[in-house]
Each structure stands twice: as structure tokens, then as C-alpha cells.
Amino acid sequence: MRRSLAPSQKNPSKSTLNFVTPFINKRKRTSEQQKVQPQRFPLTPRQSQLVSLPQTEYERLIAKVLSQPFKVPIANYVPEYHANRSLGVRRATVRKALHDPFACNALVLYTPPTYTEHERVTMDPSKMLVHVVVDPILSNILRPHQREGVKFMYECVEGKRGAFNGCIMADEMGLGKTLQCVTLTWTLLRQSPDCKPTISKAIIVCPSSLVKNWEKEFHKWLQGRLHCLPMEGGSKEDNIRALEQFAYNTSQRCGTPVLVISYETFRIYADILCRNEIGMVICDEGHRLKNSDNLTYQALMRLKTKRRVLLSGTPIQNDLTEYFSLVNFANPEMLGTAAEFKRNFENAILRGQNADSSDKERQRAVEKTQELIGLVNQCIIRRTNQILTKYLPVKFEMVICAKMTPLQEALYVNFLKSDKVRKNLQDCNEKTTSLTALADITNLKKLCSHPDLIYDKVLARENGFENAQTIFPTNHNTKEINPELSGKFMLLDFMLATIRTNSDDKVVLISNYTQTLDLFEQLARKRKYPFVRLDGTMSIKKRNKVVERFNDPAVDCFLFMLSSKAGGCGLNLIGANRLFMFDPDWNPANDEQAMARIWRDGQKKPCFIYRLVATGSIEEKILQRQTHKKSLSSTIIDNNESEEKHFTRDDLKDLFRYEPGILSDTHNKLKCKRCINNIQSEPPPENSDCTSHLSQWYHCSNNRGLPDSNLAEAWRTSKCISFVFHHRSQGEVKATSVDVAAKREAEALDVESNCKKSKKSRRISSEDEDYDEPQDDSKDSDFE
């Protein structure tokens, strides 16, 4: 039998395991060992040993990647706190609004009916309606009037206000129409009471200069959450491919749901865009659609959409027929056909607007106006820029009547005495179309600006200038500007020099003619003023860079020369706070649009608007025509019935009459009761402002009481001003020095009329802050 190989079995008699328990022979410590304290070492974290180890470049890169915080894999994701959804969590089956309707500052556009508990149990959950709430990133920045505008437009396009789905946003310039439309579009693309998007696509139609601006506005306010398709430039093949992809995409989630396109481009590619249904169309600067016979209007009418929003700060520009075209585009058949509208409303209203109308005609006009307002107010919202007085600095607006120089007067009178010009006037009176008469009007307008603008016609001996060459100086040269030949240019030259010397303000110069911009440029080079120029020859991309550079406070750019036809709409020139409107336009809307470039959101300085007209000339007649049109607009749009009808049709037709030796033809036609001998005896009404009629402005026949010291200094120095109308934006007008000066002049006039025989003068304390030292006016050219 095999023996076990275990050690205990090999030699059981001699065991090698002498096991001794440690407790028997326990070693005792000596006294010296007891005195020594054990040494304690601090615990070192294990990671410190790892960091101390040498690392390669590769290891450092990996550690850098792993150290980055978690990022949501959604482009431009902004967390919504207290929202009803979370990342990675399945959506609840219960219907809820996209945003909390009970949150602070929430803007609720639609409130569903209140359901009882029994109705909630019995009704289908998929048919339960929810709130429509504006995205908090927008509702938190909307001002009160903008919140009201968004709610109004939503109710209109959704048919909550009646049997129509269109509206007109007629707010004046600077009230944020673009932001309100961005809010409306984003809400409709994301929400509805049925928990799904209301629309899948929208089209923004605007002037070509504003295409890029609209894209920037969407990106600015939505922080990149929505992508637009701007149609600017590009080849025809690329444009067709992009528009077809946009038009034929019928899915609820479109990559670029908003198309921004100009009016001209839309007209060219209307066949592609009109094939499929579009959720909503927004027409910026909607007064471009005032003529229902043009091709752009007809192309937009073919668009398959019921939601139409029209933006225009000036719905009425010339007559009610154009106003009808705008309303008919937004809501077809609301006012009937064009013939029915003219028969029911237009004829009666215009007949009552004339100064020679009877009481019965005026009463009927009032009745028809109220009836029209009752119909239109359902789909139109109108707020004036008086709202901006809460958010913007004060604005002073001045209409300056500048005297013409002897050379201008001689050329003007010689032109009117021409036999050919008189013949053209007779042709106009016979109601025959005369393009020559329109050319004569243009020549007179250019002559009022500067004689150099018509010098080429003088050399060519055209109509009205057959014998005018002898009137010019013998050494006349048009290559270098001479401001002394024009009253308005003399005033402009003095004003620019004073502003440049006494302040750091920037100035915008606006004209209707590029030839006048050429003279501006010559004057700037002569005085060595830094400037930029924007007209129709500048590309759209370059315009944005020029505007951004001018608005930069660090850039020394004194002048911005602007063509009202090319850049009068949509530009923000808040880098400047002074604007010169050098020549008036027949359409008051063009001037209003151009003058609104500086008094906008973001402006920090008080604004000064200067409107220059030549005294007694055709430019004053144009100003009177603008007053008539603005009175019509305020009557229909603003529902303001003015009791003062100052200009008859005969006055408006009398364009080719020159009034020499007067202070202001406009002031004479106003028949102002507040002025005695052209001196204002009482201030305007307390509730008036720069949007009121000219008869309710301040009237100045001298340089006292002007709100701008630069203008007062230029009047005293150049002596080329005859009269000034001025007023300010709505505010506490009582506290201004303008009223103090007007009151002082009124008191002086009363003392002079009551105590004319006694030469006793009124005592004024020299310590009064409004006290002015008496000046000797006997040396002035207009002193009587």
C-alpha cells in the first residue's frame, strides 16, 4: 500500500514543526522604547501621484476632451426653466401649452374654454384645446404697445375679429413693426390651439435694401433658432433651385420656413411661389402696393394664402383710391369693388375736405368718414410715434424758409416769364397730359436748391432758359461749388460749420436728387469733412457695411449723404442726431420715412430735424400740398377731424407763382390768429407737438426762441432765413425755454400795443436766467 507523502507521515517520530505560541514568549518594551512616540505621516491622495507622473502630448489631449462639460447635442439650444418638457424624457400624453401661460410676464394670444372635470373625462384628449403663449425670449422684451400689436395681428390672421384673415399694421416709423412680425411668425410656426404648428411656411416681401435686415432681425431676436432663406443676388439657376425647394416642401418641419424676398424678385419668380399654398405673407413697406394695376400687386394677389399682413407707416399717401388698394389686398371684398368704394366713400369724403365745401357736404363727409373708420378699424391698428417719447430722447423738428439769392430770383422770374413755360401751363389747364410741364416743375425745384443744377440746361437753351445765360456771372464754373449762389446752401454751410465746431454730433443730409448729393460731396471736400454717401449705385452688401461704420461712435465720419429714393426706408442711422431734409417731395410719406432714420430705438441724444424750403417758391407749394395729404391721412387713419381747412384746390394748383419779398407764403395762407404782424403773441396749444398741423407749431420771424442755438447763430450770421416753424416731440412742453421766450415776446407785444405813446419800458431783472441784453436790430437787412 502506498504511503502518504505528507510531512507528518514521512517521519512521525521526529516532527520538524516546533510550534510556539506568541503569547508565551511575549516581548516586553523597554523604558526607552516607551518614550519614543510613533511618527505620523499625512495621507497623500493617490491622484497626486498620478499627476506627478510624466504625461505625453496625446494623454494631455485626451484629458482635455474628457474635462469638457456636458453640452446638449442640439444647435443653439437654450434651456427653458420651469418648462413642461425635459431632454431625454418622453412627452406626456396630456396636451399642454408649449410655454407656461401662468408664468410671469407671459403673453397669451389664445385662451381655451374652461373644461369641467366631467368634460375632461368624457371628451377625446386629442381634441382638447390649449393656450397659445408667446415664447418667453420674445415676450420678455416686448414693450406694452408691441404686445398689443402682436395680439391684434394674431386675432386678425386667425379670424377671431371677423370674417377676414388679413390686417394692416399702420404704426408710424420706429415703433418696432419688425419685432412684432417676428414674434407673430415664430408663434404661428410653433404653436396652435391644437398642439401643432399653425403654418409651415411664411414669406416676407420687402424692398431689396431690407432683405438682409430682415434676416438679421430674425437671428437677433430668436438667437439663431430659426433659419431664413434670403433671396439677394445669385444666379438665376440657383434662385430657381432654392425657390422650388422652398415652394414644394409641404412637410410640417421645414429647414428654412421663412423666405425673405424683394418685391422685384417676387414678381420675376411669382409662377414658382404661387403654385402651392403658403401659410402667411408679410409685405413690408406696404405702400408699394398702392397701385392695384401694377404687376407686383397682381402677382402678390395670386399667392395662395389667406393670412396677409401689410406693414406701412403711411397707408394714405395721395388719395383714398390708393388706400382702398391696400385694404383690398389685406382683406379682399371688405370694401367692395373699386367703383363701389369710390361711389360710397371717396367722392363724399373728398368733397367735404375742401375749404369751399358747404355745411351739408361737410356733414355727409363726416358721416361717411365714420362709416369707413368703423369698417377699417376691424383690421387696421395705428399708433403714432408719440409712444416713443417714453423711450427716446426729445426730438425737435423745424421747417426753415430760406431766402433765395439775387441770382436764384432772377433765374426764377425769367423762367416763369418764358413763353414756352406759359404755353405748357395752358396745356395743363386744359387737362391734357404734358410731360414738359412736369419737367418744368423739376427744373424749378432744382433751381431752388442751387443754380448749378440747371446750368447745363441754361447752356442748352432749353425751355425757360433761353436767355438765362446772361444772368450768370461771366466767370461761372461748376467744377467747384460756390455756396453763396444758393440761400439753402449758404444756410447749410453755416450750420455744418457751427455743428462741427461746437459739438461731436453727426449729420445726415438727404435729397431726392443725386445731383444734389454731388454738390454735398463737393462742399464736404472743400471744408474737409469726412463723409460717406449712399445712393442707388451702391450694392446691398456694401450698404450694410457703410451704415455700421457710420453708426460706430469711434469712427470720425461727420456726414452721411443719403438719397431718399435709395435708402429712405428701413435704415437705422442712430449714429447721427441731426438730419437735413434739403428738398421736399410731393409725397409726404417719402419725407416722413426719410426723416425717421435717426429718431429710432437706440438713439441716445436729442434729435434735430431741419426741413429746408425756398421762401415763396414752388417748394412752399409742395409743403402746402403735403399738409393737405397729411390732413386727409389723419382724418381717415388717426380719426382726427380738423376744423381748419386752409388750402383750396386753386391754391394747390397755383404752383408757378412766385411771391417775392414775403417771410413765408405758407404762413400767409394759414391765416394764423396767434401771430400779430408775423410775431407770435400766444404759444401753441398745450397738447400739440411736432405731429400736429403747422398752424399749431411755434412761428418765428426772428432768431429768438429757437430750440437750437446752432440755427439761431446761423440765422444771425448768414441772414438767409426768413421764417421758421418749429415744435418738439410730445412731452412737458411747458418747462422748455421756447415757451418762456414766446411768452416774453407776447408780453412785449402787448406792452407795445397798449403803451405805444408812452415810451416807458418794462423793467426786467438782470439776475433772471431768461434775461437777454437788448440788441440793436436796426442794422439787420429785414429790419423795419
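Analyst: Happy to. The open sheet is built from 8 strands in the order 12-13-11-14-15-10-19-18, with mixed pairing; helices (H or I, at least four residues) and strands (E, at least two) are DSSP runs, numbered from the N terminus, and two strands pair if DSSP finds at least two bridges between them. Strand 12 (531-534) and strand 18 (698-700) stand at the edges with a single partner strand each, so one side of each has no neighbour in the sheet. From one strand to the next, the twist averages 15°.

A word on the basis: this is a predicted model, in which local features need pLDDT of at least 70 and side-chain atom pairs count only at pLDDT 80 or more, while totals for chains, interfaces and linings use all residues. Residues are numbered from 1 along each chain as its sequence is written, and side-chain values use heavy atoms, with hydrogens and water left out.

Now to strand 11 (residues 507-511). Of its 5 residues, 5 are buried, so strand 11 is largely enclosed by the rest of the structure; buried means under 20% relative accessible area, exposed over 50%, and partly exposed in between (1.4 Å probe, protein chains only). In a regular strand, side chains alternate between the two faces of the sheet. Here both faces are covered, with Val-507, Leu-509 and Ser-511 buried on one side and Val-508 and Ile-510 buried on the other.

Strand 11 runs parallel to strand 13 (residues 559-563), joined to it by 5 bridges, and Ser-511 stands opposite Ser-563 of strand 13. Strand 11 also pairs with strand 14 in the parallel sense, over 4 bridges; there, Val-507 has Arg-578 as its bridge partner.

Finally, a helix belongs in the picture. Helix 29 (residues 709-718) lies across strand 10, strand 14 (578-581), strand 18 and strand 19, where contact means heavy atoms within 4.5 Å. Helix 29 runs at about 170° to strand 19; axes are lines fitted to C-alpha atoms, for helices over the stretch in contact, and angles run from 0 to 180 degrees between N-to-C directions.
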